[in-house]
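I opened the model to look up how its parts touch one another. My notes follow in the order of looking.

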Amino acid sequence: MKRKLSVLLIVAMLVTMLGSCGTASNNKGGKNNSKSSGNALTVWCWDKNFNIYAMNEAAKIYQKDHPDFKLNVVETPWDDVQTKLTTAVTSGQTGTLPDILLMQDNALAKNITNYPKTFVDLTNSGIDFSKFAQYKVALSTVNSKVYGVPFDSGTAVTALRTDVLQKAGYTINDFKNITWSRFIEIAKDVLKKTNIPLLSSQAGSPDLVMMMLQSAGTWTFKGDKLYISDNPALLKAIDVYVELVKSKVLVEVNNWDQYVGTFNTGKVAGAMTGCWILASVQANKDQKGKWAVTNIPKLDGIENATNYSSVGGSSWLVLSTSKNKDLAIDFLGKTFAGSTELYNTILPTSSAIATWGPAGTGSNYEIAHEFFEGQKIFQDIVEYGKNVPKVSYGVYNYEARDAIGTAITKIISGTDKAAALKEAESTVKFQMGK
Amino acid sequence: MTKRRIGIAVEYIVLTIVSVISLFPLFWMLMSATNKSTDVLAGRILPGQKLIENMGNLLKTANVGQAMMNSFKYSVLTTVGSVLICSIAGYAFEVYYTKSKNMVFNLLLISMMIPFAATMIPLYTLFGKLNLLNKTLGFALPSLSTVLLIFLFRQSAQSFPKSIIESARLDGAGELRIFLEFFVPITKHTFTAGITVAFMSNWNNYLWPLIIMQSPTSRTMPQLISGLTSGYVTDYGMLMLAVSISILPTVVVFLILQKNFVEGITGAVK
Amino acid sequence: MNARFKTKFKLSTIGWIFILPATLLLLLTKFWPIIRALVLSFQSGVGLNTSFVGAKNYIRMLHDNLLHTSIFNTFFYLLLQVPIMLIIAIILAVILNDSRLKLKGFFRTAIFLPCATSLVSYAIIFRSLFARDGFINLILMKTNIINNPINWLSSPWPARIVIIIALTWRWTGYNMIFYLAGLQSIDPSIYEAAKIDGASAFTSLRKITIPLLKPMILLTSITSISGTLQLFDETKNLTNGGPANSTISISQYIYNLSFAYSPQFGYAAAVSFLVLIMVAILSFTQMKVGDRR
């Protein structure tokens, strides 16, 4: 009897919970639903200290002229943004989509091309795209239509420990506007004199090689065609990478946290990737005043090689299912595409560097950064951004990246370069359905 | 006598070694929660002074209370529901065995053999049409019946002495009563196992809660933790703290229930 | 005669009623999506542009090198890790069932804890342990088992071994729980009788425990087979499928096909069905061999 009663009670409790929870979240669902009305916008993005912070500051600025404006930021990691976007569009449940979402630049071409009617064409929306670093605009441009408002800069930098360089008799200027062969030369010397490698990278990550590709204005695709085995810049970039590893000037580690750990703990004396790495570089307060930043080396003997490139970065897209398209466009136009104040405000705490030209005039951009020996790094990086070559990442970007990463790992373990690249090519061709 | 002593000693040694191996990474995790991020990355195992600071940062960064409450609410709901529904089903597949029921069982068995990624979007589409998106019912439904639990209780019923059922029937007891008053108490150990693994699996469920719930206030603990690693900079001390907090409920559930492993069938039958 | 038949029929009906809620739920939440996925597996295309192509996806799988690698990896884990894990789990469960032991609660909890851990944290710790200058290499070198540090996660075979170690560490306790439950229903007097007859501990294990644990062994085998063939978390978080795809699992590949790469749901569905077929074959073979009936 007692048992039966307790079971009945539990069942009753369950039913009530299900019922009440249903209504409760129903209401909550209604209120905080992605579908917002009138003066509110819903945004999906990640990183409390960076993107979310920037969005909230943008809202504050917009509210000055639009006091009724409300911004609803839903913290969503990038992988989840991709999963939710794909799920919503594939199942037809587009009512769950937000008004604005943030997307990794690497994924722009893929999503815009595969889900053509999902994003709003911003070409003639009134936003002046000419003021942005053109390489960023190119990444969200498909069939001559621009879909994304560029946000955080992935402009590549070489960040180095000046105290370590000094011990070996070098300064940061020895690394400015140089070639890769020169870089390796100096790095070997520094290694010999101080026993500290200059760089580290995640084993299997194609980032460094892809960065070199873009610095020469090329990519793994030429238009729609795969461009791997006969891509001179790629062949050269791989040679450089292999040389970096073999000479022990670059240390390969196994994953992201170890990568950050290498320069935080001083195991390596530098980092070379997108400028967003500077936030991680500053994590170890003991290293204050011991770092400086410059541009990246260029590939020797390659036509159109430059000292500038980009790694990562993201852009804001407006969903065409949004009920407040015009509000979203106006909001983005007045903040991320129109407010020097915004970029100036978010710079100091988040190190979020603008790809919007006029932002460089903000007073904070002139800061002589203490951590970086008083260098005006923000100004420098905005300048670098203006010189980054334009490339198109393509719809099959992730497939190509993975294949190149695999090829690099194989080549380092001794596989013949041509063979590994041929294999990479056939893998990507397979994924492309050819 | 000595042989027995050696036997027991060996048992203790084996258990201690295995326990140390099991606990070491967890111990490291707890220690990391008291250290600052750069120390965690450097591999520091000793405790640090940063626990309060990490806690403060964590609470500032994310709504831990809400996420814990959400996870707790969903986990309790789906665990209780699934154990009820699946225990009686597993019991029935065994006790009321017929060829046709067995065929149904085998059919259901197949449903756990396909990766969730394949069925996720069709399921989501279906629930969209049934208007179950962003509702607790939509959240819970896929977890209320799992093959693992049905299978578990069926196997447990195989070892259950049918004689008890026969005599209870002769005494005039109804079938449901037999289940509730005989099977459940006697197989407490199975319920312990079932509740524990169900709770754990429901607590750690990531993908389905992610896509079915739309509101930021329905974030679960796993989602919160994922948010902590998705930025440019990760505070590893804070992350480990969040993870330590997140495993507490499952541990508590297990601690409470595991006493049921002590009692055997001997007492009950006689 | 008539009365007995009626009762049997009545009982069977009651049985159906008991299994109805669970069955209906599974039909709705699992079966319907599986059928939809099956239909999808006969379609091909990127994103939303899909069209019917018959068995083309299944034929395509024959040429997919990455898929073959993932199948190899996954089966490697299955054949090596599952038996080791289950054997250790049974032994631990049997030891913990010994009534003479003290501190059983502590040991049980300690061994169970790993499976309750969040993957995020334990991945970071494992990667640290198995780093080139990590703890494991330190111990191995100090005890002179190896002379040079092994670069665990950067070489294919060591990386696969790390996955196996991680899986075993995490899931042994989980399976032990099922065996502990199973052992509870074995009457201790059987062991008493065996001891009187002069049986050693090992003989008891072989002739009494294991046969009586058959139901649970079947359960854990099938769920482990199913779980390992659908392995995703560990390979994604510990090694991300690397180095050079040497640890990538089938499920991780399916995930890539659906979400990371240009989405090819038709093909992804076909690969998922391949997994289903493989698990089904292995599981039903086990059932035939191991099921009591």
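I began with chain A, which is divided into domain 1 (40–153 + 311–381) and domain 2 (156–306 + 396–431); the bounds come from an automatic or database domain assignment. Their centres, taken over C-alpha atoms, are separated by 27 Å. I counted a contact where C-beta atoms, placed from the backbone, lie within 7 Å. Domain 1 of chain A gives 18 residues to the contact and domain 2 of chain A gives 19 residues.

The model is predicted: local features need pLDDT of at least 70, side-chain atom pairs count only at pLDDT 80 or more, and totals for chains, interfaces and linings use all residues. Residues are numbered from 1 along each chain as its sequence is written, and chains are lettered from A and ligands numbered from 1 in the order in which they are written.

Next I looked at chains B and C. Their contact takes 78 residues from chain B and 76 residues from chain C. On the side of chain C, α1(C) supplies the largest share, 19 residues. Helices here are DSSP runs (H or I, at least four residues), numbered from the N terminus.

Then I checked one helix pair. The axes of α1 (residues 2–32) of chain B and α5(C) come within 10 Å and cross at roughly 105°. Axes are lines fitted to C-alpha atoms over the stretch in contact, with angles from 0 to 180 degrees between N-to-C directions. I therefore noted α1(B) and α5(C) as roughly perpendicular (65 to 115 degrees). B:Pro25, B:Trp28 and B:Met29 meet C:Ser121, C:Tyr122, C:Ile125 and C:Phe126 there.

Technical notes. Contact = placed C-beta atoms within 7 Å. Helix = DSSP H or I, 4+ residues; strand = E, 2+ residues; numbered from the N terminus. Parallel < 35°, antiparallel > 145°, perpendicular 65-115°, else oblique.
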